[in-house]
Structure formats: C-alpha cells, structure tokens
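Here is a set of questions and answers about one protein model. Each answer sets a value against a rule and then concludes.

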Amino acid sequence: AMLGEVPDRPAAIRELRRVIKPGGTLAFTETLSDPDYQLEPALRDLCGACGFEPVEREGAFLGYTMVFRAPHAGIRTA
C-alpha cells in the first residue's frame, strides 16, 4: 500500500523487476482509505510494462491484492 507514495513508480517497478529472481512473485495490496490508492488497471499496466504478468487478484474495489510473476530466465523486457 505504499506504491502511490513513490514519486517515480515506473523506476521503482523496474528496480523490483531487476532484483526479483526469474519466476519470483510481487504483490501489492491497496485500500481505498489510502489517499494514494492505485487503481487496478493502472497497477496492472505499470507492472505489465516492466514484464510482470498478473497471476492472482483477491478482494474488492475497496481493498484488493494483486500478485504478479516475474518472467522466467531468457525473457527480456525494456
């Protein structure tokens, strides 16, 4: 629930992609009570642009968790 507070979100996701091992997971939890709430489509697009693929989503609009997987070795993204 801290991604919305990061000034350069794309750079943060790229750095997470760099340090998460191939096939590793990344999860974000957002709650609507957070003033920096990230909408699902924006989060999905941001992570997808860095090569993460969505794996699972739980919750409702007021609060959700999205789980992504890093690509396996040999798959490069920008």
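The turns below go from confidence to pairs, then to the helix and the core.

Q: How do you know how far to trust this model, and how are its residues numbered?
A: This is a predicted model, so local features need pLDDT of at least 70, side-chain atom pairs count only at pLDDT 80 or more, and totals for chains, interfaces and linings use all residues. Residues are numbered from 1 along each chain as its sequence is written, and side-chain values use heavy atoms, with hydrogens and water left out.

Q: What is the mean pLDDT of the protein chain?
A: pLDDT is the predictor's confidence in each residue, from 0 to 100. The mean for the protein chain is 91. Of its residues, 94% reach 70 or more.

Q: Why are Y37 and Y64 called an aromatic pair, and which kind is it?
A: Rings of Phe, Tyr and Trp (its six-membered ring) pair if their centres lie within 6.5 Å. Planes under 30 degrees apart count as stacked, over 60 as edge-to-face and the rest as tilted. Y37 and Y64 are 6.0 Å apart, centre to centre, with 90° between the planes. The pair is therefore edge-to-face. By this rule the count comes to one aromatic pair.

Q: Where in the chain do Y37 and Y64 lie?
A: Y37 is in the loop between β1 (25-31) and α2 (40-49), and Y64 is in strand β3 (residues 63-69). They are 27 residues apart, and the pair links distant parts of the chain. Helices (H or I, at least four residues) and strands (E, at least two) are DSSP runs, numbered from the N terminus.

Q: What makes E15 and R18 a salt bridge?
A: A salt bridge needs a side-chain nitrogen of Lys or Arg within 4 Å of a carboxyl oxygen of Asp or Glu. The closest N and O atoms of E15 and R18 are 2.6 Å apart, so the pair passes. Both residues lie in helix α1 (residues 9-19), three residues apart, about one turn of the helix.

Q: What links E40, R44 and R57?
A: They are linked in a network of salt bridges. E40 and R44 have their closest N and O atoms 3.3 Å apart. For E40 and R57 the value is 2.8 Å. E40 lies in helix α2 and R57 in strand β2 (residues 53-60), so the pair ties together parts that are 17 residues apart in sequence. By this rule the count comes to three salt bridges.

Q: Is E40 buried or exposed?
A: E40 has a relative accessible area of 16%, so E40 is buried. R44 has 33% and counts as partly exposed. R57, at 32%, also counts as partly exposed.

Q: How do you know that the buried residues of α2 are on the same side?
A: The buried residues are E40, L43, L46 and C47. They cover an arc of only 135° around the axis, which puts them on the same side of α2. The arc is that of the directions from the helix axis to the C-beta atoms. The face turned away carries the exposed residues P41, D45 and A49.

Q: What covers the buried residues of α2?
A: The cover includes α1, β1, β2 and β3. Contact means heavy atoms within 4.5 Å.

Q: Why is G24 called buried?
A: Its relative accessible area is 10%, so G24 is buried. G24 is in the loop between α1 and β1. G24 touches F68, R69 and A70, not counting residues up to four places away in sequence.

Technical notes: Buried means under 20% relative accessible area, exposed over 50%, partly exposed in between (1.4 Å probe, protein chains only).
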